[in-house]
Amino acid sequence: VVTEKPQKARSGAADVGVAISHPDRVIFPDAGITKGELADYYASVAGILLPWAANRPVSLVRCPQGRAKQCFFQKHDAGSFGEAVHHVDITEKDGTTEPYLYIEDAKGLLTCVQMGTIEFHGWGSLVSDVEKPDRMVFDLDPDEGLDFGDVKKAAEDLKAHLAEIGLASFAMLSGGKGVHVVVPLTPEAEWPEVKSFAERFSRALAQAEPDRFTATMSKAKRKGRIFIDWLRNQRGSTAVLPYVARAREAAPVAAPVSWTELKDIDTAKRFTVKDADTLIERSNSRNLAGWGVADQSLPDV
Ligand code: ATP
Ligand code: MN
Ligand code: MN
């Protein structure tokens, strides 16, 4: 008796009902990945990506001719995305109101890919209440010359310091050079309070260990250090979302990892667009159970 291995239903772009034009166009020349394959990647991971990416303002990195050609960062809805991509009006600092993009389902996700999107970056708040962040992100940006071991050590130290003040945090490989330390928040405090907290927390670390950390953006101050980029936590800023493909060499993806797993990982580009099955399997593993979820508020410090 031949027993067939149960086939996992792995959906492609076609199953989502979005027609992908130029599916054979090579988007990642180095990895030989086409637009059709990128669309299939996003269709496959939609179920694990959308819990993080849906219903929050997003900015897109669009590279219609592939990552090696011109790319642009798009914040506002140009009105050309059709009905699966929504917009939410947000008032800017200068008082003008702009339509920001958001998606709520696989169709919206794939529509953006059809429009040449590679990367999705999200606000730290949901469209239902854009003024109250539901997450804080510490984006660890190492100076050139530092190795990934230094970044991991920094991430673990942040986690420990956050735990001391009662905050659970989670690690995500950026798919680039760094690690993002993600702190889920119950949406209560507004942006100024969250930004102020993130800044004070980061500056305190940099002051305590000035040889390892800086909380100042300037490249000159970064020499041999890790910049704790707390500026992701101001109104209007974005950070790359979990399971998003990066428009970088070899098509790496941003990937949640457990603190235990992180110890054995030696690059922020550990997973790529070719790892959809692995990422889906991993997301259901015990290691990642509860990743990114915590009902918690900023402490009074
Ligand atoms: P890495 O690990 O390589 O640093 P990263 O995603 O953290 O990867 P950063 O250069 O630190 O990359 O980017 C910080 C954030 O700035 C991005 O996550 C993105 O949301 C935002 N960003 C990127 N490009 C632009 C842009 N052109 N305009 C505005 N914001 C941008
Ligand atoms: Mn970074
Ligand atoms: Mn940064």
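**Reading the fold, step by step**

Reply: Begin with contacts: two residues are in contact if their C-beta atoms, placed from the backbone, lie within 7 Å. In the protein chain, residues 24 or more positions apart account for 68% of the contacts with a separation of 6 or more. This is a predicted model: local features need pLDDT of at least 70, side-chain atom pairs count only at pLDDT 80 or more, and totals for chains, interfaces and linings use all residues. Residues are numbered from 1 along each chain as its sequence is written, while chains are lettered from A and ligands numbered from 1 in the order in which they are written.

Me: How many helices and strands are there in the protein chain?

Reply: Helices (H or I, at least four residues) and strands (E, at least two) are DSSP runs, numbered from the N terminus. The protein chain has eight helices and 14 strands.

Me: Which domains is the protein chain divided into?

Reply: Domain bounds come from an automatic or database domain assignment. Here they give domain 1 (13-123) and domain 2 (129-237 + 252-292). Their centres, taken over C-alpha atoms, are 23 Å apart. Nine residues of domain 1 are in contact with six residues of domain 2. On the domain 1 side, helix 2 gives the largest share, five residues.

Me: What classes of residue make up the side of domain 1 that touches domain 2?

Reply: Ala, Val, Leu, Ile, Met, Phe, Trp, Tyr, Cys and Pro count as nonpolar, Asp, Glu, Lys and Arg as charged, and the others, Gly among them, as polar. That side has eight nonpolar, one polar and no charged residues.

Me: Why is helix 3 largely enclosed by the rest of the structure?

Reply: A residue is buried if 20 or more other C-beta atoms lie within 10 Å of its own, with C-beta atoms placed from the backbone. Eight of the nine residues of helix 3 (residues 106-114) are buried, so the helix is largely enclosed. Among them are Leu109, Leu110 and Val113. Their cover includes helix 1 (13-16), helix 2 (35-53) and strand 7 (117-122). Just after helix 3, Gly116 takes a positive phi of about 95 degrees.

Me: How many residues surround ligand 1?

Reply: A residue is near a molecule if its C-beta atom, placed from the backbone, lies within 6 Å of it. For ligand 1, 13 residues form the surround; the closest are Phe73, His121, Ser174, Gly176 and Gly178. Strand 8 (135-142) and strand 13 (239-240) each supply at least two residues of the shell. By class, the shell has four nonpolar, five polar and four charged residues.

Methods
A residue is buried if 20 or more other C-beta atoms lie within 10 Å of its own, exposed if 12 or fewer, and partly exposed in between; C-beta atoms are placed from the backbone.
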